[in-house]
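Biologist: Please put the model up, and then let us go through the two ligand sites one at a time.

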Amino acid sequence: MASQEDKDFMTRFVVVLSVLVLLAAVFFLAARLLSVAQRTAVPDDLATAAQARVEERIRPIGRVATAEDVEEDAAENGEPARRSASDIYRAVCAACHDTGAADAPLKGDEGVWADRLGQGLDTVVQHAIDGIGAMPARGGDASLSDEEVRASVVYLLEESGQTVENGAPEAVAEAEPEVDAEAEPAAEAEAAEVVAGDPAAGQAKFGTCIACHGAKGEGMGIFPKLAGHTAEEIVDLLTRYRAGETVGPNTPLMAPQAVTLSDEDIANLAAYIETL
Ligand code: HEC
Ligand code: HEC
């Protein structure tokens, strides 16, 4: 029957078609397999890649940055390599402070450095930055940042038996309450003296203050106005600078001006400044 034959034909046709599709699929898969096999057939590359991935996975989370790492990183970022305090000391400061050249205080001389540190760390650091006596500014290396000078000063102090904590020397931190306790009656005693303070002598002494505070104590920029302060306030402030106390943010500029003042100088200056 025609319809039966048609059905047979259709069945065969479907079977043949299925086989063809299946073959195509198999062929396609085989081709894929072959290409994968080809790609994976380079064992060296694969091994390296796999090893890299494994290393990445087992890498410790926190890497300890050694000085070399920091320098490498800095070099990669185009920053100048940061120098450690001891490197700077050896390269710049040792010439004088290891040898005593130019009468430089020697590294390791505890007594000398305890005295120096008595001025307060900020002052000592500022001296090293600005230069002091025969010591050139920044030890003669203008490329050193303030932080680098500070770090090398701290290194020098620590190598000389001084305890420098949190950037503040222990000696000064301990001395502070004492100084305060003493400064109070001292200020009162001087306040009484202020009456006797000689404005004319104060005016003569004020010559050294003009460069920063102005001829009329009018102040400018970071240099505070002195005119308008009472004598008591001036005595109190100068006594605190002289004692090495940090008064304002620019204390390191002012403190050296006050350390050389006698009680009498302070009283006279205060008497004069009050008249401005
Ligand atoms: C050319 C020699 C020379 C070099 C280089 C030098 N110093 Fe000095 N330094 C001196 C002399 C001299 C003094 C004492 C100055 C004085 O008190 O009159 C001194 C004093 C100091 C003081 C004491 C300051 C104070 O207030 O008492 C410090 C801190 C200091 N130097 C640190 C350094 C550091 C840090 C370096 C390196 C970055 C350095 N010095 C390089 C010669 C030198
Ligand atoms: C090298 C510049 C300089 C010289 C010189 C100088 N001073 Fe100062 N003075 C300063 C600076 C900077 C301050 C602010 C410091 C601070 O931040 O605590 C200051 C603060 C003061 C203060 C405190 C004022 C306030 O309102 O807090 C008094 C008082 C003072 N100086 C008096 C004097 C006298 C007196 C002289 C002269 C013997 C003198 N100064 C010389 C720079 C200088």
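Biologist: Which residues come nearest to ligand 2?

Modeller: This is a predicted model, in which local features need pLDDT of at least 70, side-chain atom pairs count only at pLDDT 80 or more, and totals for chains, interfaces and linings use all residues. Residues are numbered from 1 along each chain as written, chains are lettered from A and ligands numbered from 1 in the order written, and side-chain values use heavy atoms, without hydrogens and water. A residue is near a molecule if one of its heavy atoms lies within 4 Å of it. There are 23 residues around ligand 2, and those that come nearest are Cys 209, Cys 212, His 213, Tyr 241 and Met 254.

Biologist: Which protein atoms are donors of the iron atom of ligand 2?

Modeller: Donors are N, O and S atoms within 2.8 Å of the metal (3.2 Å for Na, K and Ca), and water is not among the atoms, so sites may look incomplete. At 2.0 to 2.1 Å from the iron atom, the protein donors are His 213 (NE2) and Met 254 (SD). The pair links distant parts of the chain, 41 residues apart: His 213 in helix H10 and Met 254 in helix H12.

Biologist: What is the arrangement of the 6 donor atoms around the iron atom of ligand 2?

Modeller: Six donors count as octahedral if opposite donors are over 155 degrees apart and all others between 65 and 115. Here the angles run from 86 to 179°, which makes the arrangement octahedral.

Biologist: Which backbone N or O atom lies 3.3 Å from an oxygen atom of ligand 2?

Modeller: A polar contact here is a pair of N or O atoms within 3.5 Å. A backbone atom of Gly 248 lies 2.7 Å from a ligand 2 oxygen, and one of Asn 250 lies 2.7 Å from a ligand 2 oxygen. At 3.3 Å it is a backbone atom of Pro 249.

Biologist: How many charged residues are in the shell around ligand 2?

Modeller: Asp, Glu, Lys and Arg count as charged; Ala, Val, Leu, Ile, Met, Phe, Trp, Tyr, Cys and Pro as nonpolar; the others, Gly among them, as polar. The shell has 16 nonpolar and 7 polar residues, and the charged count is no residues.

Biologist: Which residues coordinate the iron atom of ligand 1?

Modeller: The 6 donor atoms there subtend angles of 85 to 179°, which makes the arrangement octahedral. At 2.0 to 2.1 Å, they are His 97 (NE2) and Met 135 (SD).

Biologist: Which side chain has an N or O atom 2.4 Å from an oxygen atom of ligand 1?

Modeller: Gln 119 places a polar side-chain atom 3.0 Å from an oxygen atom of ligand 1. The 2.4 Å distance belongs to the side chain of His 127.

Definitions and conventions. A polar contact is a pair of N or O atoms within 3.5 Å; within protein, one must be able to donate a hydrogen and the other to accept it, and residues adjacent in sequence count only if both atoms are side-chain atoms. Four donors count as tetrahedral if all angles lie between 85 and 135 degrees; four count as square planar and six as octahedral if opposite donors are over 155 degrees apart and all others between 65 and 115; anything else is irregular. Helices (H or I, at least four residues) and strands (E, at least two) are DSSP runs, numbered from the N terminus.
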